[in-house]
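The following note sets out points for a colleague who has the sequence and the coordinates at hand. It begins with the database annotation and then turns to the fold and to individual residues.

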Amino acid sequence: DPFVAFHLDKALVRKYMSPLLIGELAPDQPSFEPSKNKKLVEDFRELRAAVEKMGLLKPNPTFFILYLCHILMLDVAAWLTIWYFGASTVPFLLSAVLLGTVQAQAGWLQHDFGHLSVFSTSRWNHWVHKFVIGHLKGAPASWWNHLHFQHHAKPNCFRKDPDVNMHPLFFALGKTLSVELGVQKKKFMPYNHQHKYFFIIGPPALVPLYFQWYIFYFVVQRKQWVDLAWMLTFYIRFFLTYLPLLGVKGMLGLILLVRFIESNWFVWVTQMNHIPMHIDYDKNVDWFSTQLQATCNVHQSFFNDWFSGHLNFQIEHHLFPTMPRHNYWKVAPLVKSLCAKHGIEYQCKPLLTAFADIVHSLKDSGELWLDAYLHK
């Protein structure tokens with residue numbers, strides 16, 4: 001199921017996988033793992049076939065062209081604001097907000113290309129992905145692919161999903177892992193206060209303090225020179241367009257503020273669907289159950305769709321990662337129906353509630369850790 005979910009040209013990928021074939025199961029050998037719900041697997045595969053038949057995996061090029069145009073227009077508007085009104089406080093801050101919006105929205109757009117959901121061939125998606133994430137954001141496509149597909153394969157599975165690697169160094173995540181940490185008497189941070197220091201080392205700091213240096217380390221270590229070249233075009237363009245208007249200090253201050261805005265936007269949106277959900281070791285359950293226990297949705301609205309890059313439909317995105325985002329709302333009722341049939345909770349909540357649940361879940365897991373640390 002994950003193989004089918006991730007790849008467009010499955011015949012090509014099977015050629016790459018052929019050297020990994022070590023044998024075939026005999027006809028009398030069991031071919032289904034007991035940890036997986038066989039009926040649910042069959043029903044989901046029927047749903048997948050129906051989705052393909054309905055054409056929901058086919059992108060609408062106009063949607064993505066208009067989306068890219070709106071990003072480029074905001075980018076130009078940010079420069080024009082300082083060029084026309086000068087570098088005083090108000091135009092400087094307005095330009096920073098516009099550029100922060102560009103970075104967030106370009107982040108959602110590169111996510112589409114990275115998931116092969118814009119073009120019908122993997123090659124074209126990969127090529128444009130390098131342009132969007134490299135030239136518009138200054139980040140490497142190889143880094144994103146390396147981490148993000150691990151996350152999708154095993155979301156919220158400790159030691160398999162890199163997005164929960166913040167446990168246990170910075171945060172105690174999930175009820176089971178937090179108690180385990182407390183029982184082991186481990187304390188890297190005062191986890192009972194993590195819902196407070198999240199506001200300091202979480203949203204404000206991730207992109208400007210961690211990603212900013214780590215992405216360069218990643219591409220140099222792995223010798224991803226094409227990605228590095230694309231990244232440098234972003235910084236060269238930013239340097240050439242804003243240095244004459246702001247000077248060195250002003251330009252550095254602008255990019256730091258833009259990264260700060262982007263970081264807050266990115267962390268709240270990406271974590272609202274995952275941190276409040278089930279986090280544990282991998283239990284090797286079926287694909288559908290794996291995704292539903294680790295993801296939740298946020299109510300649909302024009303603003304929520306735009307603000308989150310349609311990641312308010314996180315459940316549908318995780319089940320069908322190559323589906324163009326403009327079709328999530330069409331498949332959502334079918335997914336809900338399958339959840340109802342098998343008694344699986346389909347969580348969907350308001351945007352602000354989803355944000356608040358991040359803090360509430362951190363507070364709860366921190367208290368579970370403290371209780372286990374002191375009394376177990």
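1. An unreviewed UniProt entry places the feature "domain: Fatty acid desaturase" at residues 91–348. UniProt positions are given here in the numbering of this note, with feature names shortened, and such annotations may be inferred rather than shown by experiment. Over residues 91–348 the chain is 65% helix and 1% strand, and the end C-alpha atoms lie 38 Å apart. Helices (H or I, at least four residues) and strands (E, at least two) are DSSP runs, numbered from the N terminus.

2. Basis of the values. The model is predicted, so local features need pLDDT of at least 70 and side-chain atom pairs count only at pLDDT 80 or more, whereas totals for chains, interfaces and linings use all residues. Residues are numbered from 1 along each chain as its sequence is written, and side-chain values use heavy atoms, with hydrogens and water left out.

3. Transmembrane annotation. Under "transmembrane region", the unreviewed UniProt entry lists residues 63–86, 92–109, 197–219 and 239–258. Residues 63–86 are 96% helix and 0% strand, with end C-alpha atoms 34 Å apart. For residues 197–219 the figures are 83% helix and 0% strand, and the end C-alpha atoms are separated by 30 Å.

4. Overall fold. The chain contains 16 helices and two strands. Its radius of gyration is 22 Å, which agrees with the value near 21 Å that a compact globule of 376 residues would have. This radius is taken over C-alpha atoms, and the globule rule is 2.2 Å times the number of residues to the power 0.38. Along its principal axes, the C-alpha trace spans about 75 × 55 × 40 Å.

5. Of the 376 residues, 48% count as buried. Buried means under 20% relative accessible area, exposed means over 50%, and partly exposed lies in between (1.4 Å probe, protein chains only). Among contacts (heavy atoms within 4.5 Å) between residues at least 6 apart in sequence, 71% join residues at least 24 apart.

6. Surface and charge. The accessible surface comes to about 18,800 Å², of which 67% belongs to carbon and sulfur atoms. Accessible areas come from the Shrake-Rupley method with a 1.4 Å probe; for residues, only the protein chains shown count as cover. The mean positions of the 34 positive and 26 negative charges are 5 Å apart. Lys and Arg count as positive and Asp and Glu as negative, while His and the chain ends are not counted. The place of a charge is taken as NZ of Lys, CZ of Arg, CG of Asp or CD of Glu.

7. Helix 12. Why is helix 12 (residues 287–294) largely enclosed by the rest of the structure? Seven of its eight residues are buried, namely Trp287, Phe288, Ser289, Thr290, Gln291, Leu292 and Ala294. These buried residues pack against helix 1 (2–6), helix 3 (38–53), helix 7 (141–153), helix 14 (314–319) and helix 15 (328–342).

8. Alanine 294. This residue of helix 12 has 0% relative accessibility and counts as buried. Leaving aside residues up to four places away in sequence, alanine 294 touches Pro155, Asn156, Asn273, His274, Met277 and His278. The C-alpha atoms of alanine 294 and isoleucine 275, 19 residues apart along the chain, are separated by 8.3 Å.

9. Backbone points to check. Most residues other than glycine have a negative phi, and most peptide bonds are trans. The peptide bond from histidine 167 to proline 168 is cis, with omega near 5°; proline 168 is found in the loop between helix 7 and helix 8 (175–183). Lysine 223 has a positive phi, near 55°, and sits in the loop between helix 10 (206–221) and helix 11 (225–271). With a relative accessible area of 60%, lysine 223 is exposed. Asparagine 284 also has a positive phi, of about 55°, and lies in the loop between helix 11 and helix 12. Asparagine 284 is partly exposed, at 26% relative accessible area.

10. Glutamine 300. The loop between strand 1 (297–298) and helix 13 (302–308) holds glutamine 300, which is partly exposed with a relative accessible area of 47%. Apart from residues up to four places away in sequence, glutamine 300 touches Asp305, Asn312, Phe313 and Trp329. Glutamine 300 and tryptophan 329 are 29 residues apart along the chain, and their C-alpha atoms are separated by 8.2 Å.
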